[in-house]
Amino acid sequence: DQVRRLVAALLPGFSAIAAHPYGTFVAQHLLYHAEEDQQAAILSEVSATLPELCKNSHGAAVVQVALSQGEPSQTMALCRSIIGVPGLLAQMGCCRHGVPAVIEVFGVLEGEHRDLQQARCEIIGHAAVLRDCRHGRQVLAALELAALVAGAESKAAPRGSIRAAKAANGGA
């Protein structure tokens, strides 16, 4: 009941709360503890402001939690929205809290060959930007794309599963 009241009170300004350095904690925990109908409403708000949240380090942390806590159809829709905006996945990968979010996108897309390939192409296409920043290099390493974008002879898909990449990145 207390969470329900909090969600109702905070939902209109959810994206601003999610992008705030302290508000991100509140937004993430609302996603963790909200009931299904409340979570759907929150995910709708996340979806409405997705590009802005993905470009903000604190917002990207909320996107990662939304991807890990949402219903599969909702999370797939969020992932497709992210990869549908050119450069957004790479921008998120350059943010500190965006690294786990990018890895989560790849985890959600695992098994969806066409979408996963689009996400890989997006990362590879922005490899120069990702190599130029610390967090971007973490994304490339975690997704095992560093050798591929560095000019490795093999054009094959990266080896290992996304879950292995998550484990290599400290479970993030």
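**Figure 1. I103 within helix 9 of the predicted model.** In this predicted model, I103 has its place in helix 9 and is buried, with a relative accessible area of 0%. I103 and L143 stand 40 residues apart in sequence, while their C-alpha atoms are 7.2 Å apart in space.

**Figure 2. Helix 9 and its surroundings.** Helix 9 is built from 12 residues and reaches 16 Å from its first C-alpha to its last, close to the 16 Å expected at 1.5 Å a residue. Because 12 of the 12 residues of helix 9 are buried, this helix is largely enclosed by the rest of the structure. Among the buried residues of helix 9 are G98, V99, P100 and A101, as well as E104, F106 and L109. Just after helix 9, G111 adopts a positive phi of about 95°.

Figure 3. Q64 is placed in helix 6, which comprises residues 57-69, and is buried, with a relative accessible area of 17%; the cut-off for a buried residue is under 20% relative accessible area.

**Figure 4. The buried face of helix 7.** The end C-alpha atoms of helix 7 are 16 Å apart, which agrees with the span of 16 Å that its 12 residues should have at 1.5 Å a residue. The buried residues in helix 7 are T75, M76, L78, C79, I82 and I83. Seen down the axis of helix 7, these buried residues fall within an arc of 160°, so they line one face of the helix. An α-helix has 3.6 residues a turn, so residues three or four places apart point the same way. The cover over the buried residues of helix 7 includes helix 4 (36-48), helix 5 (50-55) and helix 6, together with helix 8, helix 9 and helix 10.

**Figure 5. The crossing of helix 7 and helix 10.** The axes of helix 7 (residues 72-83) and helix 10 (residues 113-125) come within 10 Å of each other and cross at roughly 40°, and the crossing in which helix 7 passes helix 10 is left-handed. On the side of helix 7 the contact involves M76, R80 and I83, which meet D115, Q118 and A119 in helix 10. By residue class, the contact of helix 7 with helix 10 divides into three nonpolar residues, one polar residue and two charged residues.

Figure 6. With 13 residues at 1.5 Å a residue, helix 10 should span 18 Å, and its end C-alpha atoms are 18 Å apart, which agrees.

Figure 7. G136 lies in helix 12 and is buried, with a relative accessible area of 0%. Not counting residues up to four places away in sequence, G136 touches G93, C94 and L130. G136 and R96 are 40 residues apart in sequence, with a C-alpha to C-alpha distance of 8.9 Å. D132, in the loop between helix 11 and helix 12, is by contrast exposed, with a relative accessible area of 67%. D132 and C94 are 38 residues apart in sequence and 9.0 Å apart in space, C-alpha to C-alpha.

**Figure 8. The protein chain as a setting for the close-up views.** The protein chain has 14 helices and zero strands. Buried residues make up 46% of its 172 residues. Among the contacts in the protein chain with a separation of 6 or more, 63% are accounted for by residues 24 or more positions apart.

Note on methods: Residues are numbered from 1 along each chain as its sequence is written. This is a predicted model: local features need pLDDT of at least 70, side-chain atom pairs count only at pLDDT 80 or more; totals for chains, interfaces and linings use all residues. Side-chain values use heavy atoms; hydrogens and water are left out. Axes are lines fitted to C-alpha atoms, for helices over the stretch in contact, and angles run from 0 to 180 degrees between N-to-C directions. Helices (H or I, at least four residues) and strands (E, at least two) are DSSP runs, numbered from the N terminus. A crossing is left-handed if the near helix is turned anticlockwise from the far one by less than a right angle, and right-handed if clockwise. Contact means heavy atoms within 4.5 Å. Ala, Val, Leu, Ile, Met, Phe, Trp, Tyr, Cys and Pro count as nonpolar, Asp, Glu, Lys and Arg as charged, and the others, Gly among them, as polar. Buried means under 20% relative accessible area, exposed over 50%, partly exposed in between (1.4 Å probe, protein chains only). The expected span of a helix is 1.5 Å times one less than its number of residues. The arc is that of the directions from the helix axis to the C-beta atoms.
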